[in-house]
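Good morning, colleagues. Please look at the model on the screen while I describe the chains and the way they meet.

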2 protein chains.
Amino acid sequence: MENLLVLQSGGPTAVINASLAGVIKGGFDHPEKIGKVYGSLNGIEGVENETIRELDIFKNEENLRLLKQTPASYLGSCRKKLPPLGSDDAFYDRIFEVLEKYNIGYLCCIGGNDSMDTTNKLSAYAAEKGKSIRVIGVPKTVDNDLVITDHTPGYGSAAKFVSNCMRQIALDTDVYKMQSVVVLEAMGRNAGWLTAAAALANDSELSAADIICLPERAFDADSFIKKVEEVSKTKKTIMIAVSEGIRDKDGNYIKENNSRGDKFGHAALGGAGKTVEGWIASELGFKTRSIELSTLQRCFAAGTSLCDVTEAFNAGVKGVEFAIAGHTGMMAGFKRISNNPYNMEIVPLPVCDIANFEKKIPDEMITADGFGLTDKFCEYARPLITGEPDLIYKGGSLQFAPKL
Amino acid sequence: MENLLVLQSGGPTAVINASLAGVIKGGFDHPEKIGKVYGSLNGIEGVENETIRELDIFKNEENLRLLKQTPASYLGSCRKKLPPLGSDDAFYDRIFEVLEKYNIGYLCCIGGNDSMDTTNKLSAYAAEKGKSIRVIGVPKTVDNDLVITDHTPGYGSAAKFVSNCMRQIALDTDVYKMQSVVVLEAMGRNAGWLTAAAALANDSELSAADIICLPERAFDADSFIKKVEEVSKTKKTIMIAVSEGIRDKDGNYIKENNSRGDKFGHAALGGAGKTVEGWIASELGFKTRSIELSTLQRCFAAGTSLCDVTEAFNAGVKGVEFAIAGHTGMMAGFKRISNNPYNMEIVPLPVCDIANFEKKIPDEMITADGFGLTDKFCEYARPLITGEPDLIYKGGSLQFAPKL
């Protein structure tokens, strides 16, 4: 009987292991097709180096449940871009030698853009060489930048963290009587989805995201300062979210743009948030603080979205089902059926149409002045952050799956 | 009938409003003694300026429950140190004029060290002038640095956030094969309690806090680098927590200490975490990242400790009861009865013994090399972070009390 191998690559998320749990469960649930369920350590490098482990500890339901709430890549990750097909046969031969040694009939690659490229290349190589292995991609990325799929597991939980941080920091900042500004910097070098999630912090009671700066719009410092000044006329606490990837009209990253800093005698000290913090403080004189969410936004498993965890898990299960059904070179993608009620379907999408493309926020989701998101964005993103999973803690510590 | 006035001051916490909810509930629960329940906006300044509001919206149970999960000071805060008694009678006269106008018989001040000083001065002034008002302090501070009381509401939730961040970041950082280091900077200028909470991240499965640097010990850069190097011999991912307040043997803050930076050509760019990040990277060559939790550690209401929320609320309720029983110039303090099972009592403690003192971590809780915490600390702190409250979300957003 053929076996299943699963690997993870790229940057971790809070729910990438929920997808791993889904793949494992999908494997165990089809004993008529799948013999053993293996995991490769550190992505494709684990195949190359033959660091492959059986995942039987997850036959225990409690362990599987813990895996679903364990952040980061449980199997370890790598950032290896596979060589172009035909350029390095030795590499591919080695990979397939190991896959055959372990009698792998089904390979699931959980990851983002590079992992879909891996899925693409391995399935193409297998087809070319007449190998029967089916290769399926299971998406993850907090950046939500994969094309064709409606969204990507990992995004909902990261978006929830960002928007709830904005809400809480807005209250924290508002306690004194003085004018004050917070600049929160979120991940997203080219696509602003995660920064955009700050817009979900707003509701009828609280304006917790007054200005949002996305990499989809050229950042003009003068308009930005003018906008901050305008908001300050009616609001004591100004909440700003900026993407790490904001650039000026010439494409220069704001964080590397010292020209304005020089003008006022302040060199840029850090990322985009730190840079605009300096500008606001020096030009408007408001008390300003910048906060970088750093890796917390992608690994904060203590505040995930139930929608996201469930979809991540289901994408894993479906990935295995697609492979069993004979699909290869496909990704378990998301197709939205309706917004209200939220209804979504997992469908096989060809990875060759996904790998190496990048989905940015469409124009209709960005307000005319470029400093906010429209209702269309909120209708799109709100369901993805909805719901709170029951989490297992012990003595106040979030519990994780036992190590292999 | 006399009325109750409550105010909040100092830096916000995730549970200071749970104490406010407790005071309000305590007021409503004693209609035989207390007429109206008022809140003063922005601490004592709200008394001075007569911005005083009735808190009747919290007769609604749902609103009261939401208040318990609303971070930051709901009534607003201030950082005013009251003038020494006898130095500014006009100020005190104005305060008592307003208190009398609103027929305040009971005043609860929720806050940290400065608020206990306020409690102390107001009760002393009242006693001196023969006024019948009873003034009670209700403690809060993430720093846990109030003396006499076993601990302080606000600490448990902040400690839980810090330790769970360490756990999650440890997994996030461990996914690649390379040696890497994370330096997490936590609040606490003089007392290291919050940084120490990183020690709670460790358990038999995971070492998520390998080195902890507290302001209670002089920071020696050479010993520190040696310690990092030592840990690197057996561990790929090194997790370090440093207090913002670490100082060298001469008492200079590490973040301002450029001498070592100059030696290696790197100026200190930010706080303590950023500074030691630079040292590790340049001297050991490890991939190093520093993360500043910033205000999130004090306002993260989405991950509070049930123990902390409950105790914060009960301290508010008890504060009112102490006032009704005739106490004044007292703080609702915590007395630990036992660790296992955890059992704690709320008792009146004289604020004159608390205000303007500072509790540091005792020697027996710090390991001999100064880079860790002993079991004694973990036994002390573990119960404080234990338990998870049921939180109310709507569409993925943590919900807060409606505005006044």
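This is a predicted model: local features need pLDDT of at least 70, side-chain atom pairs count only at pLDDT 80 or more; totals for chains, interfaces and linings use all residues.

Residues are numbered from 1 along each chain as its sequence is written, chains are lettered from A and ligands numbered from 1 in the order in which they are written, and side-chain values use heavy atoms, with hydrogens and water left out.

Chain A contains 13 helices and 13 strands, taken as DSSP runs numbered from the N terminus (helices H or I, at least four residues; strands E, at least two). Its radius of gyration is 22 Å, close to the 22 Å that the globule rule gives for 404 residues, so chain A is as compact as a globular protein of that length. That radius is taken over C-alpha atoms, and the rule is 2.2 Å times the number of residues to the power 0.38.

How many residues of chain A are in contact with chain B? There are 57, and they meet 57 residues of chain B, contact meaning heavy atoms within 4.5 Å. Of the interface residues of chain A, 100% are also interface residues in chain B, so the copies meet through the same surface. The buried area is about 4600 Å², with 55% from carbon and sulfur atoms; this is the accessible area (1.4 Å probe) lost on putting the two parts together, summed over both.

The rule finds four salt bridges across this interface, each a side-chain nitrogen of Lys or Arg within 4 Å of a carboxyl oxygen of Asp or Glu. One of them pairs A:Asp172 with B:Arg298, with the closest N and O atoms 2.7 Å apart. On the side of chain A that touches chain B, α6(A) gives the largest share, nine residues.

Finally, the backbone. A cis peptide bond joins A:Asn340 and A:Pro341, with omega about 5°, and A:Pro341 lies in the loop between β10 (330-339) and β11 (342-350) of chain A. In chain B, a cis peptide bond joins B:Asn340 and B:Pro341, again with omega about 5°.
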